[in-house]
Amino acid sequence: MTTKLFYDLFALAVFAVVIVVGVPFLMGFDGFELNTFARYLALGIVSLALALSWGSAGLLNLGQAATFGMGSYAMAMHLKLKASGDALPDFMGWNNVPELPLIWIPFHSLGFTLLAGLLVPAFVGGLIAMFMFRARIAGVFVAIITLAFLVAFQLVVIEQQGITGGQNGLTGLAPLSLLGWSVDTYDVSFYYLVAGCLMAAITVGLYLTHSKFGLILRAIREDADRTRFFGYNVANYQTVIFCISAALAGWAGMLYTLVLEFASPTYMSVSFSLAIVIWCAVGGRDSVIAAAIGAIIVNLLEGRLSDVFVEGWNLMLGVIFVLVVMFIPRGLHGLIGDLWKALNNQSHKQRANEAEPKLQPQPVKSGQEK
Amino acid sequence: MAQLQVTDLHVDFGGLRAVDGLSFNVNEGEILCLLGPNGAGKSTTLDLICGKTQPTSGSIRFEGTDISQLLEFRRARLGIGRKFQVPSVYKELTVAENLSVARSRSPGIWHALTRFSLSDGRVAAPILERVGLEARASEIAGNLSHGETQWLEIAMLIAQDSRLILMDEPTAGMTIQETARTAEIFRSLSTSHTLIVVEHDMSFVRTVADRIVVMNRGAMLAEGTIEEIETNDDVKTAYLGH
C-alpha cells in the first residue's frame, strides 16, 4: 500500500537521523564508543538479510552465519595479504604451507575481494536454495538443511588450517585502504561508512519488499501451491531471495571483519546463527528496519549486560527469545503496530461515546441520512 | 479442433481409481458443467487438468500441446486458471494485493523486481467493480465474509485472464442473488474464455451450461445439453440408485 510505503520511508528517515546524528552525538563523537556501535550496525545488516528470507518469504535460514562468515573471511584474506606484504601469511608458515594457495591469489585485489564477499555467499546460498526449492522442500526442513550446512561448513573451515587459519581464524590484519583512504576503525568516518552501508542495505530491503517481487514472496509464504497455479515459478523466487539474503549477509560479514580486525570460525557457529534469528525475531521479521533495530537493541543489551552477567547472559538471551515467540511473535514491530491500533480504536470509541448523547435527540435524522 | 482434449485419463490413489478412462473435449468459448454424485471424480478431473495431480495414464491436450506431464505453473502460463472448492485467497494480503498476485501475465522475476506491488491498479479497479468489491480494495482478505471471499477468488481469475478457467463449486455458500450475479459474470466471461464448472446447484447449471458431462465412478456417464441429461435414464439411476 502507498500508506505502508510512506510509513516505511518515514521510519527509515527517523532511523537515519538517529543513527547519523543521534548516536554519534550521544557518544560524544568518541571513536572507540562508535566502533562498538558500528559493530551493532554491521550485525543489523545480517539481521535484515534474514528478515528478507524469513520474514518475507517464510524461509527460516539457520545457516545465515555461514554466508556471513564467507564475507568476513573474504575481507580478512585481503587484509591479511596486505599485512604480509610479499611474504607468505604467517600462519601458513606454521602449517608448513609452501606457497600461497591458489584460492588466495585473487584476494590481492580489493575489487575482487568486494565482489567475492557478495557473490560467493550468493552463489553458495543459491546452490543450496536450488536443490531445496526445486524439490519443494519447505517449512522446518529448510531450517534443518541450512543448519546442517552451517555445521559442515564450519567444520571444513576449522579443518583446513593451512588455508583458513583453522580455529584461530585470520588475525593480524592490515587496515583497509579504500580509494586512497586508509580506514581507521576508531575514527568517526569509519562509523559513517558502516552506517551508510546499513542505510543502503535497508533501502535495498525496502525496495524488495515493496516491489511486486516482495508481494509474490508474501503470497508464496502464505500459500506456495496457490501461487504456482497463477503461473509463478515458486522455486526461482525462493532461490533469488535466498541469494540476495546471502549476499547481504556476506556484506555484513565484510564490515564485521573491518570492525573487529580479525575473522574467526566462531562467526560461523551455530550459536551465532541462532543469535541472528533472535535479533530478527525481537525486532520483527516483517520489517527490514525493525529487524536491523532488533539486532542493535539486543547487542546493545548484550554489551551492557554480558559484563555483569558473564555466564548468565546466554540464558537471558534464550529467555528473551522464548518470551518474544510466546507473547509478541511479530516482534517489537508487531507490538508497536498492535499498540497503535489499540490506541486508535480507543480514541475512536471515546469519540463515539462523546458523540452519542448529541445524536440521541435526533435519531430520526441520522436514520434519514443513511 | 477442441481447445481441451482429455483422452482415456486414469488416476489411481493407492488402489482407488478416482478417474477411470475419462475422455471428453471442450470447445473454445464454451461453458461445460461437470456433474455427478459425490466421489464421482469431478474435482480430481479438474486437479488433473490444472496439474495438481499427475495422471497414471492418458493424455490431456490444451490447444494442441500435451500438458499431462507439465508442472502446474507451466500449465498456468499456457492459459489454464483454477478456482478451488475451498476459497483459496491470500488471507494476509489485501484485496488489491490479491488481484495483483493473480495478474500474472509476466510471471518472471525480472518483471516482478521492476514493478511496484500494486502496479496493476488500473486493471484491478474495473474487475473489483464487476464483483462489487471496489470499496474493499485495501481490506485484508482475511476480514472478508465467505461470500465476498468467493467473489474475490472469481475476481482473481478474471484478473489472471486465463483462456481456460476451471471452477470448483463457485457458488457454494452464496445467496440466491449472489448466485444469479455469478451466473451473469460467467456468461459474460464465456465470450473470451472457456469455462469448466463443477456445480451442484441445478438452477445455476441450467442458466450457464452450454453442455454437460455427467460423471460417475471416475468415468463419463452421459453428455449433452441440459434437456438431454434430465431425461437420461442412466443419470437417473446413478443419482437415485435404482
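Predicted model: local features only at pLDDT ≥ 70, side-chain atom pairs only at ≥ 80, totals over all residues.
Let's start with chain A. Chain A has 16 helices and 2 strands. Its C-alpha atoms fill a box of roughly 95 × 55 × 40 Å along the principal axes. Of its 370 residues, 44% count as buried. Now take the contacts in chain A between residues at least 6 apart in sequence. Of these, 80% join residues at least 24 apart.

One helix in chain A deserves a stop. Helix α2 of chain A runs over residues 31-56, which is 26 residues. How far does helix α2 of chain A reach from its first C-alpha to its last? The span is 36 Å, close to the 38 Å expected at 1.5 Å a residue. Is this helix mostly covered or mostly open? Mostly covered: 22 of the 26 residues in α2(A) are buried. After the helix comes A:G58, with a positive phi near 75°.

On to chain B. Chain B has 10 helices and 10 strands. Its radius of gyration is 18 Å, close to the 18 Å that the globule rule gives for 242 residues, so chain B is as compact as a globular protein of that length. The C-alpha trace of chain B spans about 55 × 40 × 35 Å along its principal axes. Buried residues make up 48% of chain B. For contacts in chain B between residues at least 6 apart in sequence, the share joining residues at least 24 apart is 66%.

Now the sheet. In chain B, 4 strands form an open sheet, ordered β2-β1-β4-β5, with antiparallel pairing. Which strands stand at the edges? They are β2 (16-26) and β5 (65-66) of chain B. Each has a single partner strand, so one side of each is left without a neighbour in the sheet. Look at β1 and β4 next. Strand β1 (residues 4-13) of chain B pairs with strand β4 (residues 57-62) of chain B over 5 bridges, in the antiparallel sense. For a specific example, B:Q5 has B:R61 in β4(B) as its bridge partner.

Staying in chain B, find helix α1, residues 42-50. This helix is mostly covered, with 8 of its 9 residues buried. Among the buried ones are B:K42, B:D47, B:L48 and B:I49. Just after α1(B), B:G51 takes a positive phi of about 100°.

How do the chains meet?

Last topic: the core. In soluble globular proteins, nonpolar side chains tend to be buried together. Here, the largest nonpolar core has 181 residues. Which residues have the most contacts inside that core? They are A:I45, A:V194, A:A252, A:L255 and B:A155. Helix α11 (residues 234-260) of chain A gives the largest share of this core, 19 residues. Zoom in on A:L255. Leaving out residues up to four places away in sequence, A:L255 touches A:A42, A:I45, A:V194 and A:C197.

To close, two pictures to keep. Chain B carries an antiparallel open sheet. The largest nonpolar core counts A:L255 and B:A155 among its residues with the most contacts.

Key:
Residues numbered from 1 in each chain as written. Chains lettered and ligands numbered in written order. Expected span 1.5 Å × (residues − 1). Buried ≥ 20, exposed ≤ 12 C-beta atoms within 10 Å, placed from the backbone. Contact = placed C-beta atoms within 7 Å. Rg over C-alpha atoms; globule rule 2.2 N^0.38 Å. Core = buried A, V, L, I, M, F, W, Y, C linked by C-beta atoms within 7 Å. Pairing = 2+ DSSP bridges.
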